[in-house]
Amino acid sequence: MSKILKLNPFYSEKIWGYEEWNLSTHKNGLCTVVDSEVTLLDSIGRDLPIMIKVIQANDTLSVQVHPDDNYSRIHENDNGKTECWYILDTKEDASLICGIKPGFNKESFSKIIEEGNIENYLKKVSVKPGDMIYIPVGTVHAIEGGIKLIEVQQSSDVTYRMYDWGRDREMHIEKSLDVIDYDGKNKGGKIENFSKLETPYFTVEKVLLNGLYEDKVNRDFHSYTVISGNGYITDGYDKIELNKEETIYIPNNIEYKIVGELELLKSYI
């Protein structure tokens, strides 16, 4: 019997679109193993340090920021949330928000928020399919409407909203002001010619496959999410079909082969 697990996402509908938590052992949204009712958490018996989502933004998300591990554990009993976005699909001339304009500190940016003038001080980044955006903790950000992406992040469900385009949802202004990276020292933004992103918490690679790809898990685990194409993966037992936006989990010490014509996002720690 194959030890490779194909996963069913936890689906979460939002006022702006939806999220599918393709790889998640987080208590707020557990994915399950295909052809069973068993959660991934119960199947492997432990929490994973990362989460993988597919996000469809039909409307723009709130302007938000995520805390680091220390702040989140003290205030939220959760992990911090460094993340990255691989762009799957966009409307024409799409952009998203990543960072704030320079020259602010906590006090001066608080006044901008109070005045309701934050839109004029956000950095926009143009995006197209295939782009990778790095969002380290403290980076003010928002996905704009008309974008679909794969998000790889720390396993966390902590989000602080500071602006929500007139929607009547809870704000977290004081906590946002506490954790914003005002100086941009964490260096988020678009990665040109993305092939690999190494963060303190996870590594993400793009794998282009036309035929055969072989590897062995020599660390905690590997996970793949299909960007496009079709194929299958095997560890010498079952053949597990791979289709667009599906995610698989491969435990340590497993040798495997992937066959097909595929674009894949490979994630590991």
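User: What is the volume of the second largest pocket?

Analyst: This is a predicted model, where local features need pLDDT of at least 70, side-chain atom pairs count only at pLDDT 80 or more, and totals for chains, interfaces and linings use all residues. Residues are numbered from 1 along each chain as its sequence is written, and side-chain values use heavy atoms, with hydrogens and water left out. A pocket is an open set of points on a 1 Å grid over the protein atoms alone where a 1.4 Å probe fits, with protein on both sides within 12 Å along at least five of seven lines. Taken as the space filled by probe spheres set on points joined across faces, edges and corners, the volume of the second largest pocket is about 270 Å³.

User: Which element gives the most to the lining of the second largest pocket?

Analyst: Lining residues have an atom within 4 Å of a point. Strands are DSSP runs of E, at least two residues, numbered from the N terminus. β8 (95-100) and β9 (122-126) each give two or more residues. The top contributor, with 3 residues, is β8.

User: Why is the pair of Y11 and Y18 tilted?

Analyst: Rings of Phe, Tyr and Trp (its six-membered ring) pair if their centres lie within 6.5 Å; planes under 30 degrees apart count as stacked, over 60 as edge-to-face and the rest as tilted. The structure holds 11 aromatic pairs. In Y11 and Y18 the ring centres are 5.4 Å apart, and the pair is tilted because the planes lie at 35°.

User: Is Y18 buried or exposed?

Analyst: Buried means under 20% relative accessible area, exposed over 50%, partly exposed in between (1.4 Å probe, protein chains only). Y11, at 45%, counts as partly exposed. At 19%, Y18 counts as buried.

Technical notes: Helix = DSSP H or I, 4+ residues; strand = E, 2+ residues; numbered from the N terminus.
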